[in-house]
Amino acid sequence: MSKDQYVIGVDYGSDSVRSVIVNAANGQEIASSVFNYPRWRDGLYCVPSENQFRQHPLDYIEGLETTIKDCIKIAGGEAIAQAIKGISVDTTGSTPVAVDATGTPLALLPQFQTNPNAMFVLWKDHTGIKEAEEINAHAENFEPNYLKYVGGIYSSEWFWAKLLHVVRVDSAVANALHSWVEHCDWVPFLLTGGTNVADIKRGRCSAGHKALWAEEFGGLPPDNFFSSLDPLLTGITSKLYTETYTADVAAGNLSAEWAQRLGLSTDVVIGTGAFDAHMGAVGGQIEPYFLSKVMGTSTCDILVAPSAEIDGKLVKGICGQVNGSVIPGMAGLEAGQSAFGDTYAWFKNLVSWPVNNLLAQSTLIDAATAEALKEELSELIIPELSRQAALLPIEETNELAIDWFNGRRTPDANQALKGVISGLNLGSDAPRVFRALAEATCFGAKSIVERFISEGIPVKGIIGIGGVAKKSPFVMQMMSDILGMPIRIHQFKHTCALGAAMFAAVVAGIYPDVEAAMQAMGRGFDVSYEPNAELNAVYEKRYQQYKILGSYIAQQTALKASTQLQNA
């Protein structure tokens, strides 16, 4: 392979999009650029108290163009641009949107430009909790069990619950909707200049893990499954798809319009899209039976196993198992936690309230100094809380928390559940509460590992990637101690983007398959955390306390829901 072949990986996260230019010969990052979504940053179209989180497609489009052009400029301009061979994209998910017959998101049309229901419904939007519950009850009446490959429980974070909720609450969007498309499928369609929604190549990853597509079913569940759930969905399957494509398949070539906008050639090949954690697992050099944990605002946990070895095994309560969703030829199994870094961010905002709200009223410092001080303290809070929390003794009587601040994803999805902090007393200061929250997120990770093992899927070790994995030795060492397993941290900072770049190298024909791209472009691991055996006994007792408290909270939540239903 010549040395002048480069690829671009685009990673859409919850708050921003990042693009990287990577040398396809060795995986070296040549340039990277990040774009924070301006409308999302300003809180537009979101109502957190109602679990409504929407993102405008313009945030995605502006970020795509800005970051790629920035990368090309940083890398050296036209000379680099001419050597770029492929682009692949990963996104959050399930993050779908209503589109018209041309594949245009409705929010890009004048009549819907400020309508949140016409925008992308972000993965952590839980407005469809009721709809998810109905899907779960409805599926019990059908044979085969259409939920068998998504752990047996459908989540409000996913494709169908979000679609059903939107068409129920917004008749204008329902009438204009021609199809329902995942973010990771729409961006490649955009880049290739698609004008017919029927031409969108739907990714195996998103379809299998979130939309109930399965090889056994010959595609999606039949139309009568959905029409009998709600007549509003009658005929919906004819507007969707039957075929799906793994991420090593090209979606097409860069369109003339986007080639001009980006300063690239129409010879650039665009890959079929997938979710961030799945491409991140590839970027993090996943191995069979190692759990790849992408740790950011939430976690998405990916395990791969040879398809022949997993044949016939169905893991309860996870987020799906799909052949080829990560590496073609292997089964991809997904789990995760709905709030991880989000839990720490919530506590940071809580303890920062006086700084954020009162400094501006100070008569002792000017406004510019107040703003600078606020920014400085914001950067110091989590590192200092971590340092102080690490000094605390680990005791059975410590404060205890449950990590369901954004519901529970795995095991056994239930987005109605809430976070809990117990055992508080007048000595419970910020570091002690922060430690309990960090412990809870690690206990949540342990419950996922236990579920895989109890269902006959071994977990040989943990591969940590993402922001928390890179930034928080405190949390990573605690997780290793609680799991009793070593954790290897991948050295590449933007691992999901690197995984996307690896897929771009495959679709561009630089490598014959994903495994070859991983071997050539993998950057290895730079940190390893080993469990402290002396802490095993106390953490096991703490974990049992976590399970007992969590069980109680789940029971009380179910009782409350039952009472509300009876009183309705």
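Me: How many disulfides does a search of the whole structure find?

Reply: In this predicted model, a search of the whole structure finds zero disulfides. Take Cys71, for which the nearest cysteine sulfur, that of Cys496, is 16 Å away, whereas a disulfide needs two cysteine sulfur atoms within 2.5 Å, so Cys71 is in no disulfide. Cys442 is likewise in no disulfide, since the nearest cysteine sulfur, that of Cys300, is 17 Å away.

Me: What makes Cys71 and Cys442 count as buried?

Reply: Buried means under 20% relative accessible area. Cys71 has a relative accessible area of 1% and is therefore buried, and Cys442, at 0% relative accessibility, counts as buried too.

Me: How do you know that the side chain of Ser255 makes a polar contact with Trp258?

Reply: A polar atom of the side chain of Ser255 lies 3.2 Å from the backbone nitrogen of Trp258, and the cut-off is 3.5 Å, so the pair is within the distance for a polar contact.

Me: Why is helix α7 described as largely enclosed by the rest of the structure?

Reply: Nine of the nine residues of α7 (residues 183–191) are buried, so the helix is largely enclosed; among them are His183, Trp186 and Leu191. Just after α7, Gly193 takes a positive phi of about 75°.

Key. Residues are numbered from 1 along each chain as its sequence is written. This is a predicted model: local features need pLDDT of at least 70, side-chain atom pairs count only at pLDDT 80 or more; totals for chains, interfaces and linings use all residues. Side-chain values use heavy atoms; hydrogens and water are left out. Buried means under 20% relative accessible area, exposed over 50%, partly exposed in between (1.4 Å probe, protein chains only). Helices (H or I, at least four residues) and strands (E, at least two) are DSSP runs, numbered from the N terminus. A polar contact is a pair of N or O atoms within 3.5 Å; within protein, one must be able to donate a hydrogen and the other to accept it, and residues adjacent in sequence count only if both atoms are side-chain atoms.
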